[in-house]
Amino acid sequence: MPQVPDHGDSPILELDGLCRSYGGRMVVDHVDLVLRRGEILGFLGPNGAGKTTTIRMALNLVRPSAGTVRILGHDVWREPRRVLPRVGALVEAPALYPNLSGRDNLRAFAMAVGGARTPTIPQLLEVVSLTDRQDDRVRTYSLGMKQRLGVAIALLNDPDLLLLDEPANGLDPLGIAEMRDLMAHLAAEGRAVFLCSHVLREVEAICTHVAIVDRGRLVHAGSVDEVLAGTGEFWLRVREPEQVLALLRAEEWGRTARLHEGRLVTPSPTGEGRDLCAFLAAAGHPPDALDRFRHDLEDVFLRVTHVAEDAP
Amino acid sequence: MRGFPSLVGGELLKIRRQPVNWSLSLIVLAAVMLVALLSSGGGRQAGDPDGFARAVLDPLTVTLQVGVGIPLLVLSVRVIGQEYQLGTVRVLVARGTGRVRLLLAKLAALCIAAAATALVTGAMTFCALWLVEPDAFQAPAAAASAISRDAGLNLLAVGLSLTACALLGVCVATLGRSIAFGLGLALVWFPVDNIALLVLPALSVFTRMPLWDGVAPYLLGGNLNTMVQALEPGRRAVAFLVSPEPQVDGQHAVLVVAAYLAAFLAASLLLTWHRDIHH
């Protein structure tokens with residue numbers, strides 16, 4: 001079973017053989033995952049793959065059929081009051097009290113969590129850029145503002161672990177960029193972020209690790225660099241790609257050269273980019289651009305899930 | 001403030017900051033208080049040994065039982081149903097707030113809200129009655145012990161009635177996990193009980209089955225209706241609108257109501273503890 005690699009620190013979140021079935025149908029099937037401090041894990045999967053059920057089990061909302069969820073080394077189901085105050089979560093749409101103001105929403109949740117002090121509320125409102133609207137009732141907020149308030153609630157009590165399900169929902173491009181910065185900042189502070197998203201480019205840009213589930217099973221996991229790493233190839237932008245492709249394929253080392261989404265992808269004579277560049281320049285086709293070839297997360301996702309099989 | 005008191009404080013904040021809770025309570029309370037004041041002097045004669053009770057305690061009891069009871073029933077449904085309907089229970093439980101602990105905090109907040117409302121309402125109704133019927137307050141000193149006994153029994157009846165309203169609301173909202181379902185069931189409960197008290201004797205006659213007559217003494221609404229008179233046989237309490245009363249003694253009424261309260265509480269705890277939170 002694939003696992004997010006061990007980075008030496010003690011894990012913040014551990015899913016161990018986690019299962020959940022409904023009426024004999026396995027919705028989550030023996031999922032194993034480890035998440036450590038400073039990591040941002042992108043948890044991906046097609047609709048109905050079991051992502052939300054996994055998050056709900058991690059948050060003590062749904063009882064696992066088998067397996068365990070440990071947070072900071074403690075079993076969530078056995079010791080929820082010990083560990084869950086250390087976890088911030090935004091699951092699906094932000095759940096708020098529409099007749100209360102933004103500040104009162106934060107106060108109400110802070111009192112339930114029992115550890116957040118009043119001075120943290122203005123700071124949190126500032127972090128999510130809601131200071132100006134803090135006294136307005138939440139029912140007058142836009143979806144993006146509600147989403148930001150949901151994130152502020154998740155940040156109450158200075159959590160060690162954040163579980164965020166589609167946090168960019170309803171956010172404008174600026175809001176998405178702010179959310180990305182916020183997550184990077186939180187991870188840099190030593191927290192772990194478990195991010196569920198359908199926006200694969202965002203996951204690729206933000207996350208340090210990815211885990212892909214399909215039909216309840218974990219089918220691919222690792223660091224983003226590992227998952228997206230190519231096979232030592234390079235992509236090129238040249239003025240006459242067809243001629244260059246023929247030139248490369250004539251070489252022993254260049255037989256696997258190909259056009260991929262309008263770009264030329266090829267091995268290098270020695271595995272080094274500068275030698276490929278020198279070869280092309282000597283052949284009269286100096287490249288306009290050259291870089292190491294990496295897989296696209298979308299390609300990886302489609303390759304390892306059944307979505308590609310079901311596509312027309 | 002931390003721990004359970006903080007949780008109760010959060011619940012009180014949510015109750016306090018929602019204008020619909022205030023407006024609903026004030027409208028129902030004003031209407032019931034008016035009816036109670038109008039019915040306070042009904043049929044009272046000079047030298048009536050229950051004069052003070054009929055003029056002051058019964059209207060006060062009715063105001064508290066119905067005027068505070070109905071808003072409390074609605075509030076308890078809203079307090080529970082809203083969390084599930086809005087999905088906020090998900091956030092609370094996901095942050096380590098135990099399901100049962102949250103339910104108990106909500107019950108504690110409802111108790112505090114009900115007690116505060118009952119105190120304010122009681123004081124206001126008392127003042128209004130003093131303005132309407134100042135003569136009734138001139139009770140002889142010799143009747144002081146009887147009055148205090150009457151007051152104690154009325155207080156017990158009010159306490160049981162308000163507890164029944166709160167627990168009924170909590171139980172049906174926990175069962176349905178929605179305000180609409182909870183209100184639908186909670187608000188028809190007592191009218192159905194009262195209608196059943198009128199229909200069951202007729203059903204017994206038509207079907208010639210005495211079984212129907214045997215059901216009436218075990219209905220919650222009927223036992224609450226008759227609580228004051230059942231606890232103090234011989235006293236003629238003021239009737240409020242249509243409130244049919246089964247023939248039961250005080251001990252029976254208290255036991256039946258207590259059984260209902262225990263059942264509502266047990267069902268609420270079990271449903272809360274046992275079920276997953278999906279939506």
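Chain A folds into twelve helices and 14 strands. Here helices (H or I, at least four residues) and strands (E, at least two) are DSSP runs, numbered from the N terminus. This is a predicted model, in which local features need pLDDT of at least 70, side-chain atom pairs count only at pLDDT 80 or more, and totals for chains, interfaces and linings use all residues. Residues are numbered from 1 along each chain as its sequence is written, chains are lettered from A and ligands numbered from 1 in the order in which they are written, and side-chain values use heavy atoms, with hydrogens and water left out.

**Chain A overall**

Along the principal axes, the C-alpha atoms of chain A fill a box of roughly 70 × 50 × 40 Å. Of the 312 residues in chain A, 52% are buried. Buried means under 20% relative accessible area, exposed over 50%, and partly exposed in between (1.4 Å probe, protein chains only). Contact means heavy atoms within 4.5 Å. Among the contacts in chain A with a separation of 6 or more, 68% join residues 24 or more positions apart.

**Helix α5 of chain A**

Helix α5(A) covers residues 143-154. At 1.5 Å a residue, its twelve residues should span 16 Å, and its end C-alpha atoms are 16 Å apart, which agrees. The expected span is 1.5 Å times one less than the number of residues. Ten of the twelve residues of α5(A) are buried. Among them are Met145(A), Arg148(A) and Ile153(A). The buried residues pack against β6, α3, α4, β7 and α6 of chain A, together with α4 of chain B.

Gly150(A) lies in this helix. It counts as buried because its relative accessibility is 4%. Not counting residues up to four places away in sequence, Gly150(A) touches Leu90(A) and Pro94(A). Gly150(A) and Ala278(A) are 128 residues apart along the chain, and their C-alpha atoms are separated by 54 Å.

**Two residues of chain B**

Lys14(B) sits in helix α1 (residues 3-16) of chain B. Leu270(B) is found in helix α11 (residues 250-274) of chain B. Which state does each have?

| Residue | Relative accessible area | State |
|---|---|---|
| Lys14(B) | 4% | buried |
| Leu270(B) | 55% | exposed |

The side chains of Lys14(B) and Tyr97(A) are joined by a polar contact of 2.9 Å. A polar contact is a pair of N or O atoms within 3.5 Å; within protein, one must be able to donate a hydrogen and the other to accept it, and residues adjacent in sequence count only if both atoms are side-chain atoms. Leaving aside neighbours within four places in sequence, Lys14(B) also contacts residues including Leu100(A), Glu83(B) and Lys106(B).

Leu270(B) and Leu175(B) are 95 residues apart in sequence and 10.0 Å apart in space, C-alpha to C-alpha.

**Cavities**

Rolling a probe the size of a water molecule over the atoms shows where empty space is left. On a 1 Å grid over the protein atoms alone, a cavity is a set of points where a 1.4 Å probe fits but cannot get out; lining residues have an atom within 4 Å of a point. The count comes to five cavities of 30 Å³ or more. The largest cavity holds about 110 Å³ of space. Its lining includes Glu83(B), Lys106(B) and Thr174(B). The largest share of this lining, four residues, comes from α5(B). By class, the lining has seven nonpolar, two polar and three charged residues.

Terms used:
1 Å grid on protein atoms, 1.4 Å probe; cavity = no way out; pocket = protein on both sides within 12 Å on 5 of 7 lines; lining within 4 Å. Points joined across faces, edges and corners; volume = space filled by probe spheres on them. Nonpolar A, V, L, I, M, F, W, Y, C, P; charged D, E, K, R; others polar.
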